[in-house]
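Have a look at the model first, then read on.

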Number of protein chains: 2
Amino acid sequence: MAKGASISGFPEWLPAERVVEQRVIDTLRRIFELNGFIGIETRAVETGASLLKKGETSKEIYLLSRLQEVTAGQENDTPLPERLGLHFDLTVPLSRYVVEHSGDLAFPFKRWQIQKVWRGERPQEGRFREFVQADIDVVGNGTLPEHYEVELPLVMVTALEQLRAFGLPKATVHANNRKLSEGFYRGLGLTDIEGVLREIDKLDKIGPDEVAKLLVSECGADAGQAAACLELADMTAANGDELRSKFDALCDEHRIPKDSDAYALASQGVATLAMIVDEAAVILPGAVIADLKIARGLDYYTGSVYETFLDSASALGSICSGGRYDNLASHGNRTYPGVGLSIGLSRLVSYMLHTAHATATRVSPAAVLVAVWDEERRGESNRIAAALRSRGIAADVAPTAAKLGKQIKYADKLGIPYVWFPEGADGQEGAPDEVKNIVTGEQTQADRATWTPADGYALQDVKLGD
Amino acid sequence: MAKGASISGFPEWLPAERVVEQRVIDTLRRIFELNGFIGIETRAVETGASLLKKGETSKEIYLLSRLQEVTAGQENDTPLPERLGLHFDLTVPLSRYVVEHSGDLAFPFKRWQIQKVWRGERPQEGRFREFVQADIDVVGNGTLPEHYEVELPLVMVTALEQLRAFGLPKATVHANNRKLSEGFYRGLGLTDIEGVLREIDKLDKIGPDEVAKLLVSECGADAGQAAACLELADMTAANGDELRSKFDALCDEHRIPKDSDAYALASQGVATLAMIVDEAAVILPGAVIADLKIARGLDYYTGSVYETFLDSASALGSICSGGRYDNLASHGNRTYPGVGLSIGLSRLVSYMLHTAHATATRVSPAAVLVAVWDEERRGESNRIAAALRSRGIAADVAPTAAKLGKQIKYADKLGIPYVWFPEGADGQEGAPDEVKNIVTGEQTQADRATWTPADGYALQDVKLGD
């Protein structure tokens, strides 16, 4: 590794790899905008006060200092809440943006945002400290209809479905609902709901036996309650009817009465979750399932919660997560409830590049390299390139008037499919221009004002490797 | 201003403003790619060693610290060269990227890069501490043909010409050449070339009289030499012939012999500069002029230098600057010469928004809002939206089944031009769908499988205000 080169956790792509990332970003943006989401870009920094809610200082954040302050030894003169730090997600900036600009936004505010975020982690294998997130959220002013809890995961699976062209396996959203879980746990007689959710969230990592032990030791559950929690977590359903009947059967089994407050709360969650899977089944069958072990450890979710897994890449874990939070932001006595999901894009791009072997069909965006016979005639080659560009055909001009073989080699190295010969293959004054497809070898006379590349050679694209 | 809201120097746009910025970025990318430039994105951080070449610590840089280190008081345990800092331009990252990946790149490497950069400045009016730069550079491996010094400014003026659609005034590139200046100064008998360039660079700020004094007091010039330097700086030319004849006349006047080394050096610069203005005159007449006062204070330029001014917004200063540097990067005994120009994009966008009053034709990307008669029939509205989206028509669905007037008001607030009525204006079961253009009031029956928006209403766009 060269001096001053790679820094652990800060991925950087080669040009052909960057094309893949760029296309992924373009694709997500297109889908988000097709669905009426509004793009914003927030500044990269927030104040310590915004980043460290409740004074919590265990977060993995990069704080900024001006070099001048550092060299003057004044780095810590500013109190933590007033210091600037890089945002670690796009949710904190969104909540700040919504409060700051509420007078200028129409609610519900549907926004997409694709930006880099930073995590000030200790360097370690496979963890990114700089990466791109792609988020969609809908934020209401005071209230937010539940149907957004149905629509947002559908937009995300539609988007992820489009990314299969870049080598992403089929994605399935696993949805659950906090009200459903809480109602059930309360129906069992448990009271430390956050505690139970936190332990259930560990299921994939430590397995049911360990979780059961923790439910007993940490959350005041007895063995039967712990077993019931695990039974609920084990439940999945592909449609609303299946969900309702399985859930009711479990309530009956554990004697949770249908007229209890707990059951009423759970029923709200069941209804929303049923709506999600049923609506998804119409739009994209099999794309969303009810999976009642999804807990999302974070405590701010208040309704639906989502995680998304890839069919043949479960090692990646959840690639797109989120949920509903009734208190995304607040200002005075006004609250802004939201529903959102977030894709950790860099990990997906890394998978596409290194496992699916996605790469650019060519390194250069140019479809044509215009040859140069000698430097005195470079102007003529520039004219040809300009004529092609004026018709939307990306064109480059040979770097030097080297031997033709060398010029063709340059085109080949960049993957440029066509080489244009001003005044024909020998450059004889007055001869008609010719163009050669260096992939197929086909060479024809060509008019700069009308010629177009053949299908499949016009635009830089992404292809999958073996 | 709300708590935790705006931070001086960190601009952030409202949704309709962000559309302008996004279109500007899209436009630049399109022009750069049409010209065969390859897009890269570098990480936001570099090491102190990269950022602080020659140990210079006066730069305006943000250094990063992990919060964990700050709270543990270990913030300064890492020596400055190993600390991470945010990049302050896109040139330092490019030179590091080229050295790091030289084995994977084809040279000359033509790259575009549009990214945020950060300057750790003291907060002050009108200075951005976070902003977007748009750069193009060509980097050679060992050598780099001079014709790129002609082509790069032309790509930039072509791009800036496209930005006039967003309210940017006409831009003119002012080009000069370091060899021309140096040869002339040496021909006059001056030896402190960097010193003279540094003082000449102050012309616009302090005027010719003060510069003349400084040339005498700081650079060892006598009054006649100082006057000659100012005469050269006063020279402009619209074509190569004019440049050559004016320059030769000035050399004759000051008795610089044609057979001197100094004149030979200057002649190289004259030839390149003549080529630039003559080639530009063919492609975009008037877009590039020779302006011999352009000095660019920085000492690493070795050939052409460029600054770009807007016709009716000279207060903005140079909006796009750059030049040739024969030693952009080096590694061992290999050097990488480059030619590049950089646009400070955020200042341009700010001008477009606040002076040219550019704004989005609509806030939402959606062309259609599908109405909802009651929540039970929302699924049907979702189907209609999905059908439209599948044909590339961006569509949103009303947030609630409110009274129709309220739904139309929501569309109006977001600038969505069409409202779609499932089963007609009254939502009577079995009736054909209707769609209303709420701008013109026109309402027609419509088929979700075939209907398309009228010209001018299909896509979100940018318009200029009064």
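Chain B and chain A bury about 8200 Å² between them, with carbon and sulfur atoms giving 55% of that; buried area here is the accessible area (1.4 Å probe) that two parts lose on being put together, summed over both. B:Glu12, B:Arg66 and B:Leu67 supply 9% of what chain B buries against chain A, more than any other three residues. Keep in mind that this is a predicted model, where local features need pLDDT of at least 70 and side-chain atom pairs count only at pLDDT 80 or more, while totals for chains, interfaces and linings use all residues. As for bookkeeping, residues are numbered from 1 along each chain as its sequence is written, chains are lettered from A and ligands numbered from 1 in the order in which they are written, and side-chain values use heavy atoms, with hydrogens and water left out.

**The interface of chains A and B**

- Chain B puts 100 residues into the contact, and chain A puts in 100 residues; contact means heavy atoms within 4.5 Å.
- The rule picks out 42 residue pairs in polar contact across this interface, both residues being at pLDDT 80 or more. A polar contact is a pair of N or O atoms within 3.5 Å; within protein, one must be able to donate a hydrogen and the other to accept it, and residues adjacent in sequence count only if both atoms are side-chain atoms.
- On the side of chain B that touches chain A, helix H1 (residues 15-34) of chain B gives the most, with 7 residues. Helices (H or I, at least four residues) and strands (E, at least two) are DSSP runs, numbered from the N terminus.
- That side of chain B divides into 47 nonpolar, 25 polar and 28 charged residues. Ala, Val, Leu, Ile, Met, Phe, Trp, Tyr, Cys and Pro count as nonpolar, Asp, Glu, Lys and Arg as charged, and the others, Gly among them, as polar.
- Strand E3 (residues 62-66) of chain A and strand E3 (residues 62-66) of chain B run antiparallel, joined by 5 bridges. In this pairing A:Tyr62 sits opposite B:Arg66. Two strands pair if DSSP finds at least two bridges between them.

**Salt bridges**

- The whole structure has 62 salt bridges over all chains, and 14 are found across the interface of chain B and chain A. The rule asks for a side-chain nitrogen of Lys or Arg within 4 Å of a carboxyl oxygen of Asp or Glu.
- B:Arg18 and A:Glu41 form a salt bridge at 3.3 Å, N to O. B:Arg18 lies in helix H1 of chain B and A:Glu41 in the loop between strands E1 (38-39) and E2 (45-47) of chain A, so the pair joins two chains.
- B:Arg378 pairs with A:Glu151, their closest N and O atoms being 3.9 Å apart.

**The sheet in chain B**

- In chain B, 9 strands make an open sheet with mixed pairing, in the order E1-E5-E6-E12-E11-E10-E7-E9-E8.
- Strands E1 (38-39) and E8 (236-237) of chain B are at the edges, each with a single partner strand, so one side of each has no neighbour in the sheet.
- E8(B) pairs with strand E9 (residues 288-291) of chain B in the antiparallel sense over 2 bridges, and B:Thr236 has B:Asp291 as its bridge partner.
- E11(B) and strand E12 (residues 334-344) of chain B run antiparallel, joined by 9 bridges, with B:Ser330 opposite B:Thr335.
- The hairpin of E11(B) and E12(B) has 2 residues between the strands, and B:Gly332 there takes a positive phi near 60°.
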